[in-house]
Amino acid sequence: MMQKKCYINSIASIHPEGDDGCSQLHACEPDYKMVITNAGLRRRMSRIIKMGVACALNCMKNYAPSQMDAVITATGLGCLSDTEKFMNALIDNEERLLNPTPFIQSTPNTIGGQIALLCQIYAYNVTYTHRGLSFETALIDAMMRINEGDGNVLVGAMDEITETSYLIMKRMGLLKGVKAGEGAHFFVLGKEPNENTFAQLKGVDTFMTQDSEEALGKRIDKFLTSNGLDRMDVDCLMTGKNGRQRLDTIYEKMESRLFPNACHSTFKDICGEYQTASAFAFWKAANILKEDAMIKNILIYNHYNNINHSLILISRDI
Amino acid sequence: MRIFVTGIGVVSGIGLGVKENIDAFRHMKHGMGKVTLFPTELDMPVSEVKLTNEEIKSILALQSNKTYSRATLLGMLAAKEALDDSRLNISSCRVGFISSTSVGGMDLSENFFIQFKENNSKGRLREIAPHDCGDSTEKIASFLGVQGFVTTVNTACSSAANAVMLGARLIKNGHLDAVIVGGTDSLCKFTLNGFNSLMILDKEHCRPLDNSRAGLNLGEGAGYLVLQSEKTIAQQLYCELSGYANVNEAYHQTGSSPEGLGAYMSMDKAIQKSGVPKESIDYINLHGTGTPTNDLSESRAIQRIFGQRVPLLSSVKAFIGHTLGASEGIEAVYSVLSVSKGIIYPNLNFVHPIKETGLVPVTHFKDGLNIRHVLSNSFGFGGNNSSLLFSSVEGV
């Protein structure tokens, strides 16, 4: 099926501001009172829920809820602090008299559900939870929804650092030379461009471990060809370098061998490493395309622990 | 483009594999019993898969010293059965794997946490690494040898229906040729206590659609379908996935609205999408958890759609429990068999109809009927409601 054009018409982000000397990059959170006005509801929400919901509400501020034909959310690890809270209570209280709120809010679709509830959006609503491909799956779904006739799709991703998740990832050796990160990012994708349009989402490709540089090169060429481009058309290559040499090598090879003439950009130096960090890259790329007239096509290549790989192509072509 | 079901696989509290499950229904053998998988203070009936993790590893010829979450092991059993059943050659076309789970590796995480809580340098990392929902999906995909598109859905109790839907749409949009879709979930202390804290568990055997119903029983298991379009079908097919819909009720984070708006919208949209006249729907596999609110709102939604001419209907939850993220994987398998073999499942423990609605479910096993279209519901936390419609191939 021919892909209909898919425009990025609104963007919103809550993210860290880069290196502040700490080992974790925490998101700079807004004053939630201004965005989530229901005080009781806001008090019950954990940090990730507030980040996600506030970000989504900001992203939709120029839309009536009835204009949204779908709400698609993504998260690698879901609502961790509520999960921990319920787990601790369960152990401490020996399974007696547990408060259900953290259990209810521990499921990863809480944010999508809360967005629907707060805005009364009865439309299609789904949550993807697949490690480094969660956000990418959400984008693929959103593009299909546009293809199937939707006018506007709200799509977003969020993950949070908790002390527990940080400690565990550290013990697993996942943070050697790497800063842990977090954030929430939402986008309204539409079938028509408007005066606020940032860029066009052209394509998304995901795959599991790619053994060789050659295989990756072929995959990229095929992806670009299917979108009517070749390597020379890519003005900017944005990679998921995270500071760990073993994981960054493949990005460096791509920069020097496949895209020597493109400008090279990164994003995890700002947002840190986490499962849905590519959503921040998407936000950053959309901004670049709106601001820098010299750049037409941006290719984002990211991998999560060299297992989940993804390619996202976005273009000025409006 | 039409989407067909070409393979099915299931494991639940009433059996391993399609045949054992159908035999259990035929002989009215439910899977409820006491919790044996983990120590717990709660005395609640649950429907456990009657195999230990070690026994499953042995069936699957996996190394016994490797750590797998129980959801992974259950998923491997059912997904393998579905793939083998379809006789699909996975290297011949673009095959994807889309799985859903709501608990992921929580059965292991809760072990890890006990030691970690005392001393955060303690706890075996191999028991926390599979915590996230994607872990089971990747391990099952790798076990099956699927190297194409792989992803995980989690919309709580409606998860597997959304996995089925995504798979069908990926084929229709030209991204895949065939896809294995469904869900897996294991029982664990976390969910048992979670549902207990919500006070929606019945201490007795659950009684879906009965006026005396007082809550649900949890269960575990996995169920998968193989979906293909007419382009790649080589031989057998069970039925067509003719309609599907996903809506959000936007009423409450956990409860369903008394009038069943979400249930109404998801069934209505699924029927509309299929183009099947609602009078031709012969059977509804209910979400039918046995909680006072779900069964009332689902019944009202059905009456709103079908009026006086309500199709045959029943809930299988008193046999297998509510299997959460696996529920529509398992029940989609049952629905597919309903269409292809003319089976209607008995609704166990039904005596008196719900006072407000008076719906009477089927209470005996039937097969060999002429079932043209089956509607299957799953509704979850977060207001996520989904319905699937399966149709016999002659009937479309």
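Domain bounds here come from an automatic or database domain assignment. On that basis, chain A splits into domain 1 (7-190) and domain 2 (201-315). This is a predicted model, in which local features need pLDDT of at least 70, side-chain atom pairs count only at pLDDT 80 or more, and totals for chains, interfaces and linings use all residues. Residues are numbered from 1 along each chain as its sequence is written, while chains are lettered from A and ligands numbered from 1 in the order in which they are written.

Let's start inside chain A. The C-alpha centres of its two domains are 23 Å apart. Contact (C-beta atoms, placed from the backbone, within 7 Å) links 36 residues of domain 1 of chain A with 29 residues of domain 2 of chain A. On the domain 1 side, α7(A) contributes the most, with six residues; helices (H or I, at least four residues) and strands (E, at least two) are DSSP runs, numbered from the N terminus.

Now for the partner chain: 47 residues of chain A are in contact with 47 residues of chain B. The elements giving two or more residues to the chain A side include α4 (80-92), β3 (124-128) and α8 (163-171) of chain A.

Terms used: Two residues are in contact if their C-beta atoms, placed from the backbone, lie within 7 Å.
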